Amino acid sequence: MGLLSAGEPMTWEEMKAWQDHVRHHGVKQFIRLYNRLKDEKGRVLKWGDEVEYIIVKLDHKEKKARLSLRADELLKQLAEPENAMMAEVAEKGSSDIELHSHWCPEYASYMVEGTPGIPYMGGMSYFNTVEHNMRLRRKELENLLQEDEIAVSLSTYPRLGCPDFTVPPFSPHPNSPDSFTKSLFWPNEATFLGHPRFSRLSANIRERRGEKVAINIPVFKDVNTPDPFVEDFSSLGDDGSSAAAAKPDHVYMDAMGFGMGLSCLQITFQADNICEARSLYDQLATLCPIMLALTAASPSHRGYLVDRDCRWDIIAASVDDRTPEERGLDPLKKNKFVIPKSRYDSIDSYLSKCAQKSPEFNDIKVIYDEAIYKELVDGGVDPLMAQHVAHLFIRDSVSMFRNKVHDDGEYEDEDIDHFENIQSTNWQTMRFKPPPPGASIGWRVEFRPCELQITDFENAAVACFVVLLTRAILSYKWNLLMPISLVDENMKRAQKRDAVLTQKFYWRKDIFTLCEEDAKPVIEELSIDEILNGIPGTEYQGLLALVREYLRGQDDVEADTSCTLSNYWQLLSGRASGKLETNAHWIRQFIRTHPDYKGDSVVPESAVYDLMVSINRIQAGELKEPRLFGRVERKSKTKDINRSYTADSGTKIG
Ligand code: ADP
Ligand code: MG
Ligand code: MG
Ligand code: MG
C-alpha cells in the first residue's frame with residue numbers, strides 16, 4: 001500500500017505543524033531528482049505484478065469461513081528466503097539463492113502482498129513465467145498455513161465487517177478512545193498492527209476529515225430486499241453519526257479497512273526513459289476503466305450484495321480525508337481548495353508530449369497550488385509535469401515519522417522521502433514512479449485499476465495482456481488519448497453491475513492516428529467486446545488482435561509461450577464478449593443461487609463458506625467452472641527462468 005518507514009508515526013495534531021515543511025522539501029527533492037535524471041535513458045523493460053492474498057480459516061463443522069488474522073506471523077516466515085539471500089549478498093556481493101518472491105504487509109491483518117522476487121525482464125519467454133511465479137508464491141504461502149486455512153486471491157471477502165468475521169474473534173469498540181476508526185463494524189485487530197503506519201494512517205485520515213469516513217454503495221435490490229433498505233445501527237453503539245451518514249438503499253461502511261482491506265492486482269513497468277514513461281502513463285490511463293470492467297470481482301460488501309461490481313469507489317471513499325470545506329459542503333475558511341476527488345481516485349491529467357500537443361485532452365480542471373507550481377517551473381520542470389506534482393501536493397501528508405522530519409531541513413542529495421510521502425498516499429489509477437535513490441532503477445509507471453482474480457491463470461493473463469499492450473503501444477505508436485473527462489465517465493460506467501454486458505465506453509477508434517496538433521480524434525461509445533475483440537466489417541480490429549499481431553512480429557516467441565498466451569487471449573476474449581462470466585457475475589450468481597440465500601441481498605455465512613471452498617478448488621484445478629473458463633485450457637506450460645540476484649536486479653521497494 002506504499003512506503004513503510006521505520007520509526008514512530010506522528011499523530012495528526014503533531015503533524016499539522018510539519019505539513020508545509022514536508023511539502024516544501026518534497027518539492028525541492030523532486031526538482032533535484034528531476035534535473036538529475038530527466039535525461040537518463042537506455043533502461044530495459046523490467047516489470048512485475050503485485051498480488052494481495054487473504055487468509056481464510058474454514059470451520060467445516062459449522063460451515064463458516066472467517067478471516068485469519070495471522071499476516072504478521074506469516075510474513076516473518078515468508079521473509080526468510082529473502083533475508084537469507086540479502087545476507088549472502090551483503091557478504092559475497094551476490095547470491096545463488098533463487099528468490100521467487102518478495103512479501104510485504106498490507107492494510108489488513110488477514111492480508112499479505114506477494115511480488116516476484118526479482119522483476120521480469122523484457123524477453124518474450126518471461127511471459128511464460130508469470131503464472132508459474134504466481135503459483136510458486138501461492139505455494140510458499142500455502143506451505144505455512146494451518147490445516148484448515150486457505151489463501152485466496154479474491155478482491156473482496158463478502159462478509160468483511162460482519163459480526164464474528166475474524167479468527168480470533170474481535171469486536172469493534174466505536175466509542176473507545178483506542179478505536180482508531182470509530183467504526184461500528186471494523187475491529188482494530190483487523191488492521192495490520194505489526195507496523196504502526198496503518199492504524200495511525202486510519203486515525204489521521206479520520207481526524208483530518210473531521211469525522212469518520214462514510215462509504216455508501218447502492219444495495220442490490222433482489223426480490224425480497226426491503227424497500228426502502230434502511231439499517232438500524234443503534235444497537236452497535238452509534239452516536240447518531242452513522243445513522244446520519246448512511247444513505248437509504250445503500251450499504252453503509254465506516255472504516256478505512258472496507259476499502260484498503262480489499263485486494264487488487266497491480267503492474268509496474270520500467271520505461272527506457274522519462275518520455276516513454278510519460279507516454280505510457282497517458283496511454284494506459286485510457287485503459288484503466290476498460291480493464292476495471294473486464295476484471296470486475298467485487299459484488300458484495302459487509303454481508304450484502306451491492307449493485308456495483310467493482311471495489312474502486314469504495315476504496316476512494318474509505319480514505320477520503322477531505323474536510324467538509326474541501327468537499328465543497330462548507331465555504332472555504334481554513335482550507336485552500338475545494339477538491340473534487342478523494343486522494344484515491346482516477347488521474348486528473350495527462351503528462352506526455354501528445355497531451356502537450358493536444359491540450360484539449362486535459363479537459364478536467366486540475367487543482368494545484370500556484371506557488372508550488374511556480375517553484376517547480378522555476379526549478380526547470382516543464383509545465384505538465386509541474387502541474388502533475390503540484391496537484392499531488394494539494395494533499396496533506398497523512399503519515400509522518402518522527403525520525404524523518406528535521407528542524408534544519410538538512411537532507412542527503414538523493415533523498416526523496418518527503419516527495420514519496422505525498423506521492424505514496426496519492427492512490428490513483430496510474431502512478432508515475434520516479435527512480436528511487438540508488439542507480440539501478442529507472443522511471444516506472446504503475447497500472448493500478450485491476451481487480452484481483454481468483455486464479456493465478458486469470459491474474460497472469462491480465463498482467464501479460466497489460467504489459468504486451470505497452471509493447472504494442474510503443475512499437476505501433478498507438479494513440480488512445482481522448483479528453484480525460486471521458487475516462488472519468490468510463491470509470492463510473494465500469495463499476496456498474498455487469499458493465500461488460502450492459503455498458504458502452506468512450507473509445508478512440510483511430511488509434512493509429514499520430515499525435516498531431518488539431519487532429520480530431522474519432523471517439524465512439526463501444527462495448528468492452530468491441531474494444532477488445534474488434535468490430536466486424538470495420539477497420540477497428542480490437543486490442544487482442546493487435547497484441548496478437550505484435551507477437552507475430554517478434555522472433556523470440558517460443559512455442560510454449562505462444563501456447564500460454566493464446567490461452568490467455570481466449571480467456572480475455574470470452575470475458576469481453578460475455579461468453580465467459582466476470583468474477584463478479586459468477587460470485588453474485590453463486591450467492592444468489594445458494595440454498596441458504598433468501599433473495600434479500602443478505603449474504604449467508606454458509607454461502608461464503610461454500611464460496612471460499614469452491615474458489616480454492618477452482619484455483620487448484622480440482623473444480624472445472626465452465627461459466628468462468630468455458631473450454632479455455634488452463635494447464636499452461638509455464639515455467640521458471642533461473643533469475644539469480646545481482647546488484648542490478650532492483651528488488652528494492654519503489
Ligand atoms: P508499490 O506497492 O509501491 O507499488 P511494490 O514494491 O509493492 O511497490 O511493487 C513494485 C513492483 O515493481 C513489483 O511488482 C516489482 O516486481 C516491480 N519492480 C521491481 N523492480 C522493478 C524495476 N526495476 N522496473 C519495473 N518494475 C519493477
Ligand atoms: Mg498492495
Ligand atoms: Mg506493493
Ligand atoms: Mg503497487
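In the predicted model, helix H20 is followed by Gly578, whose phi is positive, near 90 degrees. The helix itself covers residues 559-577, 19 residues in total, and its end-to-end reach from first to last C-alpha is 27 Å, close to the 27 Å expected at 1.5 Å a residue. Its buried residues are Thr561, Thr564, Leu565, Asn567, Tyr568, Trp569, Leu571, Leu572, Gly574, Arg575 and Ala576. An α-helix has 3.6 residues a turn, so residues three or four places apart point the same way.

Helix H22 is also followed by a glycine, Gly621, with a positive phi near 85 degrees. H22 comprises the 16 residues 605-620, and 23 Å lie between its first and last C-alpha atoms, close to the 22 Å expected at 1.5 Å a residue. Buried positions in H22 are Ser606, Ala607, Val608, Tyr609, Leu611, Met612, Ser614, Ile615, Ile618 and Gln619. One of them, Met612, is also listed with Phe269, Phe447 and Leu532 as having the most contacts inside the largest nonpolar core, a set of 196 residues.

Phe269 has contacts with residues from several parts of the sequence. Beyond its neighbours within four places, Phe269 is in contact with Leu45, Lys46 and Trp47, with Leu280 and Leu284, with Trp443, Arg444, Val445 and Phe447, and with Val466, Val467 and Thr470.

The chain as a whole contains 23 helices and 18 strands. Its radius of gyration is 24 Å, close to the 26 Å that the globule rule gives for 654 residues, so the chain is as compact as a globular protein of that length. Along the principal axes, its C-alpha atoms fill a box of roughly 60 × 60 × 60 Å. Of the 654 residues, 62% count as buried. Among contacts between residues at least 6 apart in sequence, 77% join residues at least 24 apart. The chain exposes about 24500 Å², of which carbon and sulfur atoms supply 50%.

The model also contains magnesium ions. The magnesium ion (ligand 2) is coordinated by Glu52 (OE), Glu106 (OE) and Glu113 (OE) at 2.0 to 2.1 Å, and these donor residues have the sequence spacing E-x53-E-x6-E. Glu106 is buried, with a relative accessible area of 2%, and Glu113 is buried, with a relative accessible area of 4%.

The magnesium ion (ligand 3) and the magnesium ion (ligand 2) are 3.9 Å apart, with Glu113 coordinating both. Glu50 in strand E1 and Glu113 in strand E4 (residues 111-116) are 63 residues apart, and the pair links distant parts of the chain. Both Glu50 and Glu113 are buried.

Methods. Residues numbered from 1 in each chain as written. Chains lettered and ligands numbered in written order. Predicted model: local features only at pLDDT ≥ 70, side-chain atom pairs only at ≥ 80, totals over all residues. Heavy atoms only, no water. Core = buried A, V, L, I, M, F, W, Y, C linked by side-chain atoms within 4.5 Å. Buried < 20%, exposed > 50% of the residue type's maximum accessible area, 1.4 Å probe, protein only. Contact = heavy atoms within 4.5 Å. Donors = N, O, S within 2.8 Å, 3.2 Å for Na, K, Ca; no water. Helix = DSSP H or I, 4+ residues; strand = E, 2+ residues; numbered from the N terminus. Expected span 1.5 Å × (residues − 1). Rg over C-alpha atoms; globule rule 2.2 N^0.38 Å. Areas by Shrake-Rupley, 256 points an atom, 1.4 Å probe, with all protein chains shown as cover.
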